[in-house]
Amino acid sequence: MMTESVASTSHSQPEENASTSTSTGDQSLWQINLHRIQQRKQQVYNWPTNKKLLKLAIYSACQNEGCKCTGWKSSSQHLKSSSRVDVAQPLANFSDPCHNCNHVLVSHVSHLSSLSDDEYKRLLGMVIDVENIFMSMHREEDDDTKRVYYYLFKMLRKCIVEVSKPTIEAPLGQPPFERPNIARAITNFVSHKFGNTPQKTIMYDLAKMLLHCLNHWNFETPHSRKQVASADEITAYEVNYTRWLVFLSCSCI
């Protein structure tokens, strides 16, 4: 019996270490991707105004009366085949016709010329998020996650076309979703329980570690969760999973 116990422990330890290593790797990858997205946004924010307008034209509705076109599309084969924007080269000229509606490019951005720098940044940030979500949506294999990405993609595309701010509708809502939120609840508990004890400092540090772990936790997909949860629990979990993915994926919300 003792031998079996030792053998079991020796096998489980590497698995635990592997799981921890995988979790740490996922967190590192998430941080790297987030940093890369922020760098990309900053690069686009620093473009001259004309280049920003050319970029936004691809996602902006034609302003000609009666036109239903929701985004300028180049008829140039070179631009169609280019997967990335070259900062050194213009996307197009304002006089270039749209492949969809045949109106010139400036018709898609005439309503944007008076925007402030902050508004340009907000719209361009949504454009970068749309492009990243589009790529994630096509790489994703889980149907639940893909539906959330599609919801975000449609919402942000609509906001760019309408030059409006994203609004998350019920039942998702806006954070904080509970009052007090979990960070405040944990901090209040530590303060109440250990505020006047010698353990105060170490308990605050432990609370920070717990909150850090929660902030970097990777949620299971609802499909995986169904194997261990009831139908009522899954309904609530789907809402929380969608909230987590929406606000994690999209910094402009």
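**View 1. Asn102, an exposed residue with a positive phi.** In this predicted model, Asn102 is exposed, with a relative accessible area of 60%, where exposed means over 50% relative accessible area, buried means under 20%, and partly exposed lies in between (1.4 Å probe, protein chains only). Although Asn102 is not a glycine, its phi is positive, at about 70 degrees. Asn102 sits in the loop between α3 (77-81) and α4 (117-139); helices here are DSSP runs (H or I, at least four residues) and strands are DSSP runs (E, at least two), numbered from the N terminus.

**View 2. Val163 in the loop between α5 and α6.** Val163 also is not a glycine and has a positive phi, of about 50 degrees. With a relative accessible area of 25%, Val163 is partly exposed.

**View 3. The cis peptide bond between Arg179 and Pro180.** The omega of this bond is about -5 degrees, and Pro180 is found in the loop between α5 (143-162) and α6 (182-194).

**View 4. The protein chain with its 9 helices and 0 strands.** Of the 253 residues in the protein chain, 30% are buried. Among contacts (heavy atoms within 4.5 Å) with a separation of 6 or more, 65% join residues 24 or more positions apart.

**Notes.** Residues are numbered from 1 along each chain as its sequence is written, and side-chain values use heavy atoms, with hydrogens and water left out. Because the model is predicted, local features need pLDDT of at least 70 and side-chain atom pairs count only at pLDDT 80 or more, whereas totals for chains, interfaces and linings use all residues.
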